[in-house]
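Good morning, everyone. Please look at the screen while I walk you through this one.

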Amino acid sequence: MGLLDGKVVLVSGGTQGVGAGVALAAAREGADVVVTGRRPDVGAALLPRLREHLSPGRSAEYVRADVADVASAQASVAAVVERFGRVDCLCNAAGLTSRGTLLGTTPELFDEHVAVNLRGPFFTMQAAVADMVRRGAPGTVVNVTSTSAHGGQPYLAPYVATKAGLVGATRNAAHAHRADRVRVNALNIGWTDTEGEDATQRAFHGAGDDWRERAASALPMGRLGRVDEIADLVVLLLSDRSGVVTGSVVDWDQNVLGGLD
């Protein structure tokens with residue numbers, strides 16, 4: 001048996017990057033997997049990879065959804081419930097990382113970050129937990145957040161504000177629904193090698209093809225984080241194997257908060 005054998009897992013923002021990694025890991029661990037995202041072409045390209053890893057009798061599907069639109073985000077949960085009868089596990093993996101300083105962030109940019117990084121995950125979580133509570137069944141949620149929630153770089157002001165908000169929402173939901181046996185945790189990830197990070201480095205920092213090597217050389221362990229490693233920990237937190245753990249926010253990084261040289 002896999003860690004998620006027979007579970008129905010929804011990965012919001014699951015068509016690429018960390019979300020896709022979580023979906024692939026969940027498929028390998030015996031789950032039915034549904035991924036959401038804005039781009040049907042990307043979702044369709046991921047499905048054959050997911051289906052290669054499914055256990056017999058399990059399925060993988062894509063639901064088009066824009067997490068920035070609350071109705072779309074909540075409809076994605078409804079679609080999973082209609083198809084499978086329930087949602088057992090939710091991973092909120094969508095994220096916007098466009099840059100903005102305190103002095104340079106416009107209201108429009110701030111609102112974009114709120115919509116993708118905070119409001120969307122909040123209401124997706126609301127819909128999934130409502131299904132769990134309605135059925136009187138246990139469930140799990142993992143919100144993918146960021147070590148930048150502790151403060152972050154000056155050019156990440158709106159990103160930091162929204163990821164810190166999601167950390168608070170994680171703890172609040174965990175406390176509110178612990179008696180419902182719904183466990184809610186978060187993973188603060190550090191600098192990770194993803195398609196989105198590659199695009200961000202090129203668009204905002206003028207990075208060339210060697211940016212990964214340059215970044216790795218300055219990091220304590222000599223490399224960026226890997227999606228598959230993050231995905232394995234998310235799957236553990238989604239699974240019953242993580243026991244009674246709820247309200248935890250795990251720093252998944254090679255830098256230590258508060259450590260000084």
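This is a predicted model: local features need pLDDT of at least 70, side-chain atom pairs count only at pLDDT 80 or more; totals for chains, interfaces and linings use all residues.

One cut-off before we start: buried means under 20% relative accessible area, exposed means over 50%, and partly exposed lies in between.

How many strands form it, and in which order? There are 7 strands, in an open sheet that runs β3-β2-β1-β4-β5-β6-β7. The pairing is parallel. At the edges stand β3, residues 60-64, and β7, residues 249-252. Each has a single partner strand, so one side of each is left without a neighbour in the sheet. From one strand to the next, the twist averages 20 degrees.

What holds strands together? Strands of a sheet pair through backbone hydrogen bonds, either parallel or antiparallel. Take β2, residues 32-37. With β3 it pairs in the parallel sense over 5 bridges. Find Thr36: it stands opposite Val63 in β3. Strand β2 also pairs with β1, residues 8-12, in the parallel sense over 4 bridges. There, Val8 stands opposite Asp32 in β2.

On one side of β2 you find Asp32, Val34 and Thr36. On the other are Val33, Val35 and Gly37. All of these are buried, so both faces of β2 are covered.

Next, helix α2, residues 40-53. It has 14 residues. From its first C-alpha to its last it reaches 21 Å, close to the 20 Å expected at 1.5 Å a residue. Where does α2 kink? At Leu47, by about 25 degrees, shortly before the proline Pro48.

Which residues of α2 are buried? They include Val42, Gly43, Leu46, Leu47 and Leu50. An α-helix has 3.6 residues a turn, so residues three or four places apart point the same way. The buried residues of α2 pack against α1 (17-28), β2 and β3.

On to charges. Side chains of opposite charge can pair when their charged atoms come close. The structure holds 13 salt bridges. Let me show you a few.

Back to Glu61. Its side chain meets that of Arg83 in a salt bridge, at 2.6 Å, N to O. This pair links distant parts of the chain. Glu61 is in strand β3, Arg83 is in helix α3 (residues 70-84), and they are 22 residues apart. Arg83 has a relative accessibility of 44%, so it counts as partly exposed.

Buried or exposed: what is Asp88? Asp88 is buried, with a relative accessible area of 9%. Arg86 is at 26%, so it counts as partly exposed.

Asp193 lies in the loop between β6 and α6 (195-205), while Arg212 lies in helix α7, residues 211-217. So the pair ties together parts that are 19 residues apart in sequence. Asp193 is partly exposed at 31% relative accessibility. Arg212 is partly exposed too, with a relative accessible area of 26%.

There is also a network of salt bridges. It links Arg223, Arg226, Asp228 and Glu229.

Last, two single residues. Ala94 is in the loop between β4 (89-92) and α4 (107-135). Its relative accessible area is 15%, so Ala94 is buried. What does Ala94 contact, leaving aside its neighbours within four places in sequence? Ser12, Gly13, Val67, Val116, Asn117 and Lys163. Look at Asn117 in that list. It is 23 residues from Ala94 along the chain, yet their C-alpha atoms are separated by 6.9 Å.

His113 is in helix α4. It is buried, with a relative accessible area of 0%. What does His113 touch, not counting residues up to four places away in sequence? Leu96, Thr97, Ser98, Leu118, Pro158, Tyr159 and Thr162.

That is my tour. Thank you.

Definitions and conventions
Residues are numbered from 1 along each chain as its sequence is written. Side-chain values use heavy atoms; hydrogens and water are left out. Two strands pair if DSSP finds at least two bridges between them. Helices (H or I, at least four residues) and strands (E, at least two) are DSSP runs, numbered from the N terminus. Axes are lines fitted to C-alpha atoms, for helices over the stretch in contact, and angles run from 0 to 180 degrees between N-to-C directions. The expected span of a helix is 1.5 Å times one less than its number of residues. The bend at a residue is the angle between axes fitted to the seven residues ending there and the seven starting there. Buried means under 20% relative accessible area, exposed over 50%, partly exposed in between (1.4 Å probe, protein chains only). Contact means heavy atoms within 4.5 Å. A salt bridge is a side-chain nitrogen of Lys or Arg within 4 Å of a carboxyl oxygen of Asp or Glu.
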